[in-house]
Amino acid sequence: MPGLEDLYREIILDHYRSPRNRGELAVPPAHKVEGFNPLCGDEVVLYLDVNADGVVEDLKINGQGCSISQASTSMMSSAVKGKPVAEARKLIRAFKALMSIHESKLDGESDGSDLAADLEGVKLGDLEALQGVVKFPVRIKCATLAWNTLAQGLDESENPAASA
Amino acid sequence: MSFDVDAIKKDFPILEREVHGKRLVYLDSAASSQKPEVVLDAMDRVYRDHYANVHRGVYTIAEEATQAYEGARAKVARFVGAPSSSELVFTRNATESINLVAYSWARANLVAGDPIVLTQLEHHANVVPWHILAAERGVELRWIPLTADYRLDLSNLDELLDGAKLLAFSAMSNVLGTITDVRELAEAGHAAGAKVLVDACQWVPHAPTDVQEWGADFVAFSAHKMLGPTGIGALWAPAELLDAMPPFLGGGDMIRDVRLDGFTPNDLPWKFEAGTPPFVEAVGFGAAVDYLEAIGMDRVRAHEREVTAYALDALERRFGDRLTIFGPTDVDLRGGAISFALNGIHAHDVSQVLDEDGVCVRAGHHCAKPLMRVLGVSATSRASFYLYNDTADADALVDGLTHVEQFFAL
């Protein structure tokens, strides 16, 4: 049976207690996007500033929720800040693979190789500490909320007309 | 017979198990209660010895099953003080009971602009059916607010009830534990010309119930919160009201006659019981009622009052201002559901760490999101006590919460 130390790794608790990049950015030029988990009330607010070169130049986070959702948001902000959008998207895919959510699995094509494919060439670093969440299925949605919100925010930043 | 909680615990097989190597401390009976051996046995016996569809067969075991089903109805009816078991309709749960009223009575009697008065502490089961009706029919929803000490604020009741066609409220809040004065509200509702519906889901399992003394028109409750199985609940209403209502679901069992050009509904209560009913579950429901009656509901209430008082006091002494209780602290005004927030720690984290100690508490909005908004929180932790909980369970909660605090200490 998985223990608490699998879920609440020290690095996670550190991000929970001292969230990075917390704050707001002026909108515009930044884009604001909100994510909710209506079941548990977790809320993630992202301010994304994607520059003309397609780089996430700045990013601030806000919101409230459980330690896993808030730590995951903080860790996501550290991982994505300063990265090109394409790389951020790779991170999203890799993180979801880490959470055992494979895009291809939804199409019934999973053969076990996609996890390796999604993770290949992507350095997750601290984010790997969140892998223990997989052993607590109810909490996976806490960990993925920030990443789904980021994906939405990147889509909207790149295609402002669609979100207007 | 005195109240022997140790003996009662032994009647519940699940309470013997361990979780994470710790004794199971089940503090989530407001969500669903555990089942005593006698309930499990009663249902098992139907499946093994008396199983056949009810109300149809002429052979022996079909007759036995029918008698068991109708016998269970009589027990449940008597348990809540119904004058006749023909007024006790079996449903799937309290939610379906309320929906039955919304789809049958309300759609036959309410028109656009008719006011329905609810309270801010309702479970979604007593909110969403009326939202659906409002969207479909244009009825107006009004809300009785709460006082700062988590009770119903009745200071503007007359105004709220002016012209109201229905007053629907919970007898005991599943979040706050707050007990509402059913008799007083029923009288006020009737004085204003409204029908009165009581969501008694949290009340019937925990205290003596007499629907006639309450004087309400509709009373809804579920078996699974009162030691019975899932999948069965009940609606009580006076015969003349049920007789005047159109059927809810159509199908077998609810008809007297079916022709190519129409149908004639069955007598009460079967008029509202379409399809093969959950008769095995009904027998379990009846066994649960027998078990509770043998102990005595006044004793159940007294015991829970005592354990709740002990828990509230222990929480206050251990955590002081670091713990917020959402609900009355006077145990005369509340039941055994204790919602709380601990030191800024999210309810899901609280529940997760408590689980490590074998302590089961609920975390979330408890199907009462309007109330959560009023409280200004997105989620709370909730420990709820029942007849099989004792002060050792309350101590396990308090000790477990100390572990939670240590774990998330900033």
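Begin in chain B, where 16 residue pairs, both at pLDDT 80 or more, are in polar contact between domain 1 of chain B and domain 2 of chain B; a polar contact is a pair of N or O atoms within 3.5 Å, where within protein one must be able to donate a hydrogen and the other to accept it, and residues adjacent in sequence count only if both atoms are side-chain atoms. Salt bridges between these two domains number 0, a salt bridge being a side-chain nitrogen of Lys or Arg within 4 Å of a carboxyl oxygen of Asp or Glu.

Keep in mind that this is a predicted model, in which local features need pLDDT of at least 70 and side-chain atom pairs count only at pLDDT 80 or more, while totals for chains, interfaces and linings use all residues. Residues are numbered from 1 along each chain as its sequence is written, chains are lettered from A and ligands numbered from 1 in the order in which they are written, and side-chain values use heavy atoms, with hydrogens and water left out.

**The two domains of chain B**

Now select residues 5–31 + 296–408 of chain B as domain 1 and 40–294 as domain 2, bounds that come from an automatic or database domain assignment. Their centres, taken over C-alpha atoms, are 28 Å apart. Across the boundary, 38 residues of domain 1 of chain B are in contact with 33 residues of domain 2 of chain B, where contact means heavy atoms within 4.5 Å.

Together the two domains bury about 2,700 Å², with 61% of it on carbon and sulfur atoms; buried area is the accessible area (1.4 Å probe) that two parts lose on being put together, summed over both. Within domain 1 of chain B, colour M297(B), L371(B) and Y386(B), which lose the most area to domain 2 of chain B and together make up 23% of what that side buries.

**Where chain A meets chain B**

Next, show both chains, and you will find 20 residues of chain A in contact with 17 residues of chain B. The area buried between chain A and chain B is about 1,600 Å², of which 57% comes from carbon and sulfur atoms.

Which side chains meet in a salt bridge here? Select R139(A) and D349(B), whose side chains form a salt bridge at 2.9 Å, N to O, and note that the rule finds 1 salt bridge across this interface. Finish with the polar contacts between chain A and chain B, which join 5 residue pairs, both at pLDDT 80 or more.
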